[in-house]
Amino acid sequence: QVQLVESGGGLVQAGGSLRLSCAASESTLSINVIDWYRQAPGRQRELVARISSGRATYYAASVRGRFTISKDNAKNTRYLQMNGLKPEDTAVYYCHAPEHDYWGQGTQVTVSS
């Protein structure tokens, strides 16, 4: 089973940026779609962004224009570049491979006002 490991979270002031990484433990040739989800305390996990094998992307309305999802197949890694961060972006961020239902362990993002 492929393992997904997120990194890059942290504490940032409002308006700042972070880049999250989702590294796969082995080749991701069998993974065509990667999602980034987030879950804030007391709230349901929500889909933030998606990238497919054809590089088609999807963004939730709340992050569109601020977040960018990308991938580097040579490194088996997907990224979530987050700019213009807001306090409401505070959450644990997870990467997910929906075709296999693989989940990472999550990385905390905290945005202070």
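I began with the order of elements: from the N terminus on, the protein runs β-β-β-β-β-β-β-β-β-β-β. That comes to 11 strands and 0 helices (DSSP runs numbered from the N terminus, E of at least two residues for strands, H or I of at least four for helices).

A note to myself: this is a predicted model, where local features need pLDDT of at least 70, side-chain atom pairs count only at pLDDT 80 or more, and totals for chains, interfaces and linings use all residues. Residues are numbered from 1 along each chain as its sequence is written, and side-chain values use heavy atoms, with hydrogens and water left out.

Then I turned to salt bridges (a side-chain nitrogen of Lys or Arg within 4 Å of a carboxyl oxygen of Asp or Glu). My search of the whole structure gave 4.

One of them pairs R50 with D35, with the closest N and O atoms 2.5 Å apart. R50 sits in strand β5 and D35 in strand β4, 15 residues apart. R50 is partly exposed at 32%, while D35 is buried at 0%.

Which residues meet D89? R38 does, at 2.9 Å between the closest N and O atoms, and R66 does too, at 2.7 Å. Both R66 and D89 are buried, and R38 is buried as well. I also noted that salt bridges with shared partners join R38, E46, R66 and D89 into one network.

How values were computed:
Buried < 20%, exposed > 50% of the residue type's maximum accessible area, 1.4 Å probe, protein only.
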